[in-house]
Amino acid sequence: MTPPKADPGAVAPILAPAGDPARSTQLRGILLLLLAILLFTLMDATGKHLSTLYHPVQVVWVRFVTNLAIVAVIFAPRLRSTLATRRPVVQFFRGVTQLASILLFFSALQFIGLAEATAIMDINPVLITLGAAIFLGESIGIRRVLGILAALCGAVIIIRPGAGVFHPAALLALVAAFTYAAGALLTRIARSDSTATSVLWSALVGSILSSLAVPFFWQPVAAGDIWAFLLLGGLGTAAQALLIRAFSLAEAAAIAPFGYTGLIWAGFWGWLFWGTLPDLWTFVGALIIVVAGIYVWMREARAMHRPA
């Protein structure tokens, strides 16, 4: 699934001036983010392949269980302390929203193109801004409202309800964008917990809940597909680690817009593996979403640095 975008409420200045030591650190963060995006979209392509052969619940279960196994090994020496949280209920529902996002996204990929699903999911940054205003009481100006509406219009252009090309599965990707935004807002509420704690809780909750459901959808895994399942879990874990490292090195506003390179990779994988290319209206809708998302980030950055 499309990787998490930066929390718009945590933005800061764009790239540091040339010669500033912070600049090289930010550039490293950008490179790590670009690599994370590449791996995330390759994971999505693997998930699309597997979802055409196995039920999405089974695919998602493998993704979470593999992720849990890897992070458990990493945090093994301090597993109990890492699992400790001040907001267990919030962390639980964070895990639920992340599980829902991935399950909905992989379900959509059974029927629509990777580029189309990725473009629809990319409205989540502006949804986070909107949700922060509605549920967290953060201020939002008319210009950011217009940016949010523009992004939603871009998603409608891609989905095209009522048109002959419309597929109901596109709505699954749209709902996934909303559930991901909800998870991001819950992350902001649980910001007193460490990143390691949040990562571990996400993997644990996703593994437990998907394990309860997977017996009802399980089918034997062909020997020739084992590599794809292992690759799915490995790519997801590696991409998540790179993403966390990228945002620890660089300011969110400096690197977050590079997350939209996922649209390019999604289109490339769709062409390479399935011989499909997005149509003109998908390009138009995706462009509107990207421009609106970057505009909202810019407004957030200015608001954060405006004198009180």
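Predicted model: local features only at pLDDT ≥ 70, side-chain atom pairs only at ≥ 80, totals over all residues.
Local features require pLDDT of at least 70 and side-chain atom pairs count only at pLDDT 80 or more, while totals for chains, interfaces and linings use all residues. Residues are numbered from 1 along each chain as its sequence is written, and side-chain values use heavy atoms, with hydrogens and water left out.

Helices are DSSP runs (H or I, at least four residues) numbered from the N terminus. The axes of H2 (residues 56-74) and H4 (residues 88-108) come within 9 Å and cross at roughly 135 degrees. H2 is therefore oblique to H4; angles under 35 degrees count as roughly parallel, over 145 as roughly antiparallel, 65 to 115 as roughly perpendicular and the rest as oblique. The contact (heavy atoms within 4.5 Å) involves Pro56, Val57, Val59, Val60, Arg63 and Phe64 of H2 and Gln98, Leu99, Ile102, Leu103, Phe106 and Ser107 of H4.

Aromatic pairs number 10; ring centres of Phe, Tyr and Trp (its six-membered ring) must lie within 6.5 Å, and planes under 30 degrees apart count as stacked, over 60 as edge-to-face and the rest as tilted. Trp61 and Trp218 form an edge-to-face pair, at 5.7 Å centre to centre and 90 degrees between the planes. Trp61 lies in helix H2 and Trp218 in the loop between H9 (195-213) and H10 (226-249), 157 residues apart. Trp61 is partly exposed, at 22% relative accessible area, as is Trp218, at 43% (buried means under 20%, exposed over 50%, partly exposed in between; 1.4 Å probe, protein chains only).

In helix H12 (residues 261-274), Phe268 and Trp271 are three residues apart and form a tilted pair, at 5.9 Å and 40 degrees. Ring pairs link Trp265, Phe268, Trp269, Trp271, Phe273 and Trp274 into a cluster.

Key. Axes fitted to C-alpha atoms, helices over the stretch in contact; angles between N-to-C directions. Helix = DSSP H or I, 4+ residues; strand = E, 2+ residues; numbered from the N terminus.
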